[in-house]
Amino acid sequence: MAMTRRDDVLREAVTLVRAGGPAALTSGNVAAALGLTQSAIYRHVRDMDELTALTSEIIVGELTAVVHQLLLDPDIDWGETGSFQRISARLVETMAERSQEFSVVDRWRFEPGELGRGIRHTLAAARAVAGDLLEQEWRTEFGWTAPLDDADTSVLDAYAQLMQDEVIAVARLVSSRAGPEHRDEMTQLLEYRLLSGWYSLSIDLNDRLGLDKPLVTFP
């Protein structure tokens, strides 16, 4: 399918944000990159709200796909010792490489209107994938085969939200300490936060369902 001028506008908007973060996205910057007048941009998008919303949707969607690929990597055995450390190291590396994209999520996810709704919708879909992974690993570890009721599912969703928030919070720190000398520190911080979420989820669900509490161990 042939690229349209609207596609060009969105491509340049995405490029600007990836290079300079959310603050780089202005109609003037997009126009300059395309050799257009600033007013010409609004023949292809309704206004800056639409441009920002569409740009963030592309960026957050692609970032979510990258994180999903990491979480669902068949080489990661979540029941194996050190699995949280390995996935944390990969996530921190991704945070450092894509710090501007994580900043889109961090800055705009609570915005009103199309912009915030689009990001929150994408994050909700990401949480569903993370929640499925958490449930699968919890069932494997504790041998639970019966369906979860709505209240148990709400607990699972709450912890998926908590762990997603932890990833975003650590990404914010990584963006300010992006040097390799901080990589191990950030990896350990994320590992501990994810482990805390996992053990808290397991304790809560096991308590609700009458299962033995998990043995809590940290590296």
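The following is a dialogue on how terms are applied to a predicted model.

Biologist: Why are H3 and H6 called roughly parallel?

Modeller: Two packed helices are described by the angle between their axes and the distance between the axes. For H3 and H6, the axes come within 8 Å and cross at roughly 10°. Angles under 35 degrees count as roughly parallel, and H3 and H6 are therefore roughly parallel to each other.

Biologist: Which residues make that contact?

Modeller: From H3 the contact takes Thr52, Ala53, Ser56, Val60, Gly61, Thr64, His68 and Leu71. From H6 it takes Glu114, Leu115, Ile119, Thr122, Ala126, Val129 and Leu133. By class, the residues of this contact divide into eight nonpolar, six polar and one charged.

Biologist: Take Thr64 in helix H3. How do you know whether Thr64 is buried or exposed?

Modeller: Thr64 has a relative accessibility of 12%. Buried means under 20%, so Thr64 counts as buried. Leaving aside neighbours within four places in sequence, Thr64 is in contact with Thr122 and Ala126. Both Thr122 and Ala126 are listed on the H6 side of the contact between H3 and H6.

Biologist: Val67 is also in helix H3. Why is Val67 put in its accessibility class?

Modeller: The value for Val67 is 17% relative accessibility. That is under the 20% cut-off, so Val67 counts as buried. Not counting residues up to four places away in sequence, Val67 touches Leu91 and Phe102. Val67 and Leu91 are 24 residues apart in sequence, and their C-alpha atoms are 7.4 Å apart in space.

Biologist: What makes Glu50 buried, given that Glu counts as charged?

Modeller: Glu50 has 13%, so Glu50 is buried. Glu50 is found in helix H3. Apart from neighbours within four places in sequence, Glu50 is in contact with Arg6 and Val45.

Biologist: Asp152 is in helix H7. How do you know on which side of the cut-off Asp152 falls?

Modeller: Asp152 has 4% relative accessibility. With the limit for buried at under 20%, Asp152 counts as buried. Asp152 touches Leu205, Arg208 and Leu209, not counting residues up to four places away in sequence. Thr140 is twelve residues from Asp152 in sequence, and the two are 17 Å apart in space, C-alpha to C-alpha.

Biologist: Why is Ser200 called partly exposed?

Modeller: Buried means under 20% and exposed means over 50%, with partly exposed in between. At 29%, Ser200 therefore counts as partly exposed. The place of Ser200 is in helix H8.

Biologist: How do you know where the model leaves empty space?

Modeller: Rolling a probe the size of a water molecule over the atoms shows where empty space is left. In this model the largest pocket has a volume of about 950 Å³. Of the 40 residues that line the largest pocket, the closest to its centre are Trp78, Phe84, Ile87, Met163 and Leu194. The elements that give two or more residues to the lining are H3, H4, H5, H6, H7 and H8. H6 gives the most, with eight residues.

Biologist: What is the lining of the largest pocket by class?

Modeller: The lining has 26 nonpolar, nine polar and five charged residues.

Technical notes. Residues numbered from 1 in each chain as written. Predicted model: local features only at pLDDT ≥ 70, side-chain atom pairs only at ≥ 80, totals over all residues. Heavy atoms only, no water. 1 Å grid on protein atoms, 1.4 Å probe; cavity = no way out; pocket = protein on both sides within 12 Å on 5 of 7 lines; lining within 4 Å. Points joined across faces, edges and corners; volume = space filled by probe spheres on them. Helix = DSSP H or I, 4+ residues; strand = E, 2+ residues; numbered from the N terminus. Nonpolar A, V, L, I, M, F, W, Y, C, P; charged D, E, K, R; others polar. Axes fitted to C-alpha atoms, helices over the stretch in contact; angles between N-to-C directions. Parallel < 35°, antiparallel > 145°, perpendicular 65-115°, else oblique. Contact = heavy atoms within 4.5 Å. Buried < 20%, exposed > 50% of the residue type's maximum accessible area, 1.4 Å probe, protein only.
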